Amino acid sequence: MNDDLTRRRLLQIGALGAVTAGLAACAPAGSPTPMTTETWMPPADPMPFPANYTWGTATSAFQVEGSTTVDGRGVSIWDTFCAEPRRIRDGSTGDPGADHYNRWESDLDLMAELGLGAYRFSVAWPRIQPLGSGAVNQKGVDFYRTLVDGLVERGIKPGITLYHWDLPQPLQDAGGWPARDTAYRFADYARIMFDALGDVDADWFTINEPKTTSYVGHLYGAHAPGIADADAAAASVHHQLLGHGLAVRQFRDSGAQGRIGIALNLTPVYPASEEFSDSARLVDGAENRLFLDPVLLGSYPDDAIGRLGGMLHADKAAFDALVLDGDLAITSEPCEFLAIQYYGSGGVGFDGASVELWPTSNATWQQVHAEGLYDLLMRLKADYPAIPIVITENGIPDESPALTTDDGYRVAYLRDHFVQAARAIGDGSLLEAHYVWSMLDNFEWAEGYQQRWGIVAVDFETQKRSPKRSFEYYKGVISANAVSLS
Ligand code: FCB
C-alpha cells in the first residue's frame, strides 16, 4: 500500500470516504479545536523568543544511520519490512540512509555551524540489544556515547529518543507491541541507556509517535510491522504508553541527569461545517485524547475506541481488559515536559471522514496550517495540567523528490510556524523548544528516498551534504532568537 495514501491519514478511521469542502473559516465554537485565528495579524516587528528558548533539529536512527549490518547490530522490523516486496515505494532500504553512522562527526560540525542548541536523534535498539532483550552489544553503546560526547563538546544538548520505530525483530516475533511483555523489554533497554549515558545533561524522549506505530503500523499496515488489525492497533497503544511510563520509572531509579517525556504527534481537527462537530469530537478522541489523557490525566477517554465513525474501530471491552490495575498510574508517571510533533491540521466531515481544508504538501497526508499549531498549544494549555512543551518535530518535504537546495517553500513553512509558536508563548503557552524535522534528507519510511525533509540536502549516491536555503534561514532565526515576517 502506498505510504502517502495511508500514512497518518488517520482522520479516515471509520470514514466512509473523503469529502471535499471549502475553507472552514466558519468552524463553529465547540469543536475540539475552535478556530481562533481569523482576526489575528502578525506584528510588523520581529517576534522575539525567550532567552532560554531551545532551537533544535531532529533525525532518527533508521532514517539516517545506514550501516544496518555492522558492529553487531541486530535486525529490526524495518529491515524486515523493507525486504518485503512493494512495501517501500522505491524498493529501497535503510542503507545507505544518510550514512550518518560514518559521517556523524562532520554532521555535528554542520549543526555547530547552524548554531543549534539541541540535536534530537534516536538510539537504534537493535544496536544495543541485537535480540531485543538480554545481552548488550557494547559497540552499539559506544557509538551513541561518542555521538553524545561530540555534541557536548560542541555545546549542543543531546535530545535522545529511545524508540523511533525500529523494534528488534525477535520482539516482533514474540508478539511486538500488541503483546504486553514488549513494554517491559522496552523499559529494560531504556535502563541500559540511562546507565550508559545518564551522566550527561540530556532531554530523553521515550517513544516517538505511538499513534503512528499503532495506526499506520498496525491498522493500515503501511509501516512496519505491516499489520492491519484494529484490535492489535488498540493493544499497541496501551502497551507503548505502558512502556513509556515504565521507562520513566527506570529513569528516576537510575538517577540519570536530565529530563524525560514522550513525543506525541498531535493533529488539531476542525469540523468542515457545524453539522460535523460531533464527528470531529470523536476524531479528536482517536487522534489526540487517546494519547494525551493517559499520559497527562491518568485516564483513557471513553469516546476514542468503538464503532462510531471517527473512532478507532476496535473492541472497546477487549481494550479495557488490557488495562490492568495500576497501569494508568504508570502511563501518567510525572514527566518534566510533553513533547509534541506538529505537521498540520485535519478537517472532518460526514462520519469522521477526512476533509481537506488546507493545501497539502508533497506528503499528501499533511494539510499545511500554521495557525493549527497555535490552536493546539492553546488547547493543551486549556485542557491539561500545566507542563512545559517542546516541539520535537515540525517540517515539510521538498516540493519534488529531486535533489535541491532551493527550498523557499520550506522557509515560508518554518517562518509561519515560528510566528505561531511565538504568538502562543505570548499568550501563555509553556513552549520552550522547537526542533525542525529534519537536519538531513533521509529515508522517509514507506516513501523511501522519494521525500526529502532535510534543511541539508543529501545526495544519496555520493553522500555529499549541501545546506539548503532553509538552513541559512534557520541560522538567522537562531542567531536573532526571533522570527520576523520580512
Ligand atoms: C514523523 C516521523 C519522522 C518523519 C516525519 C516526516 O511522523 O516521526 O520520522 O518521518 O514524520
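Modeller: A residue is called buried under 20% relative accessible area, exposed over 50%, and partly exposed in between, with a 1.4 Å probe and protein chains only. Helices (H or I, at least four residues) and strands (E, at least two) are DSSP runs, numbered from the N terminus. This is a predicted model, in which local features need pLDDT of at least 70 and side-chain atom pairs count only at pLDDT 80 or more, while totals for chains, interfaces and linings use all residues. Residues are numbered from 1 along each chain as its sequence is written, and side-chain values use heavy atoms, with hydrogens and water left out.

The part I would look at is helix α4, which covers residues 100–114. With 15 residues, a straight helix would reach 21 Å at 1.5 Å a residue, but the end C-alpha atoms of α4 are only 17 Å apart; the expected span is taken as 1.5 Å times one less than the number of residues. A bend of about 40° is found in α4 at Ser106, the bend being the angle between axes fitted to the seven residues ending at a position and the seven starting there. On the buried side of the account stand His100, Tyr101, Trp104, Asp107, Leu108, Leu110, Met111 and Leu114 of α4.

The backbone on either side of this helix also deserves a look. Most residues other than glycine have a negative phi, and most peptide bonds are trans. Asp99, in the loop between α3 and α4, is not a glycine and yet has a positive phi near 50°, and Asp99 is buried with a relative accessible area of 13%. Just after α4, Gly115 takes a positive phi of about 90°. Further back, in the loop between α2 (61–64) and α3 (77–83), Ser67 likewise has a positive phi of about 50° without being a glycine, and its relative accessible area of 11% makes Ser67 buried.

From the helix we can turn to the sheet. Strands of a sheet pair through backbone hydrogen bonds, either parallel or antiparallel. Here eight strands close into a barrel in the order β3-β4-β5-β6-β7-β9-β12-β13, with parallel pairing; two strands count as paired if DSSP finds at least two bridges between them. Direction ignored, neighbouring strands of this sheet are turned by 25° against each other on average. Helix α6 (residues 138–153) packs on the sheet, where it touches β4 (118–122) and β5 (157–163), and its direction makes about 170° with that of β4. Such angles run from 0 to 180 degrees between N-to-C directions, the axes being lines fitted to C-alpha atoms, for helices over the stretch in contact.

Helix α11 (residues 277–297) lies across β7 and β9 (338–341) and runs at about 160° to β7.

Another helix, α10 (residues 230–254), holds Gln240, which is buried at a relative accessible area of 0%. Leaving aside neighbours within four places in sequence, Gln240 is in contact (heavy atoms within 4.5 Å) with Trp177, Ile207, Pro210, Thr213 and Ser214. Between α9 (210–218) and α10, the loop includes Pro225, and the peptide bond from Ala224 to Pro225 is cis, with omega near 10°. A cis bond, also with omega near 10°, leads from Trp437 to Ser438, where Ser438 belongs to the loop between β13 (431–437) and β14 (456–458).

Finally, the cysteines. A disulfide is a covalent bond between the sulfur atoms of two cysteines. Taking a disulfide as a pair of cysteine sulfur atoms within 2.5 Å, a search of the whole structure finds zero. Cys82 is buried, at a relative accessible area of 8%, and Cys335, at 19%, counts as buried too.
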